[in-house]
Amino acid sequence: MKLSSINFSQKAVTLFVIALLYFAALPNQAAFAQNNIVYEEVDKMPVPHGGMEGLMSYLGQNIKYPKAAKKKGIEGKVFVDFVVKEDGSISDVSILRGIGGGCDEEAFRVVSDSPQWTPGEIDGKPVSTRMKLPIEFKL
């Protein structure tokens with residue numbers, strides 16, 4: 001009888017230690033998972049370098065109207081989707097809706113190369129935020 005109660009105590013202590021280690025690691029896993037979250041709604045939206053005026057200036061100075069689009073008379077809006085990361089850098093750029101003639105590629109290039117943004121915030125902390133930006137091409 002004494003032998004089995006000792007085995008039970010050792011097993012209980014072992015299970016307790018394993019459970020303690022498991023639950024101690026959970027906060028670190030949650031913090032790691034949280035870094036990979038991309039928000040669409042935040043308390044404070046990301047702001048481009050120089051504000052919206054700075055963004056319009058940057059786009060106006062850096063967009064080169066594609067020759068093929070000029071030749072074919074292509075005009076319209078290219079809708080660009082991208083992520084402003086916690087450090088303000090741009091990533092995951094994609095075209096939601098394009099107009100062709102090289103305009104899609106030009107919009108992709110200009111957004112990818114845009115200067116650092118001020119990141120979005122939740123509870124005063126910077127977070128990665130998904131953005132959508134229409135870029136108009138007009139002859």
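Visitor: Where is the place of D123?

Guide: Helices (H or I, at least four residues) and strands (E, at least two) are DSSP runs, numbered from the N terminus. D123 lies in the loop between β4 (120-122) and β5. This is a predicted model, in which local features need pLDDT of at least 70, side-chain atom pairs count only at pLDDT 80 or more, and totals for chains, interfaces and linings use all residues. Residues are numbered from 1 along each chain as its sequence is written, and side-chain values use heavy atoms, with hydrogens and water left out.

Visitor: Does D123 count as buried or exposed?

Guide: Buried means under 20% relative accessible area, exposed over 50%, and partly exposed in between (1.4 Å probe, protein chains only). D123 counts as exposed because its relative accessibility is 67%. Its phi is near 55°, a positive value in a residue other than glycine.

Visitor: Which phi does D92 have?

Guide: D92, in strand β3, has a positive phi of about 50°, although it is not a glycine.

Visitor: Which residues does D81 touch, leaving aside those up to four places away in sequence?

Guide: A contact means heavy atoms within 4.5 Å. With that exclusion, D81 touches D92, V93, S94, L96, R130, M131 and K132. D81 itself is part of strand β2, and it counts as buried because its relative accessibility is 6%.

Visitor: What joins the side chains of D81 and K132?

Guide: A polar contact is a pair of N or O atoms within 3.5 Å; within protein, one must be able to donate a hydrogen and the other to accept it, and residues adjacent in sequence count only if both atoms are side-chain atoms. The side chains of D81 and K132 are joined by such a contact, of 3.3 Å.

Visitor: How many residues has the largest nonpolar core?

Guide: A nonpolar core is a set of buried Ala, Val, Leu, Ile, Met, Phe, Trp, Tyr and Cys residues joined through side-chain atoms within 4.5 Å. The largest one here has 21 residues, and those with the most contacts inside it are V80, F82, I90, V111, W117, I135 and F137. At least two residues of this core come from each of α2 (51-62), β2 (76-84), β3 (90-97), α4 (103-112) and β5 (125-137).

Visitor: What pattern does the chain follow along the sequence?

Guide: The chain has 4 helices and 5 strands, in the pattern α-β-α-α-β-β-α-β-β. Of its 139 residues, 29% are buried.
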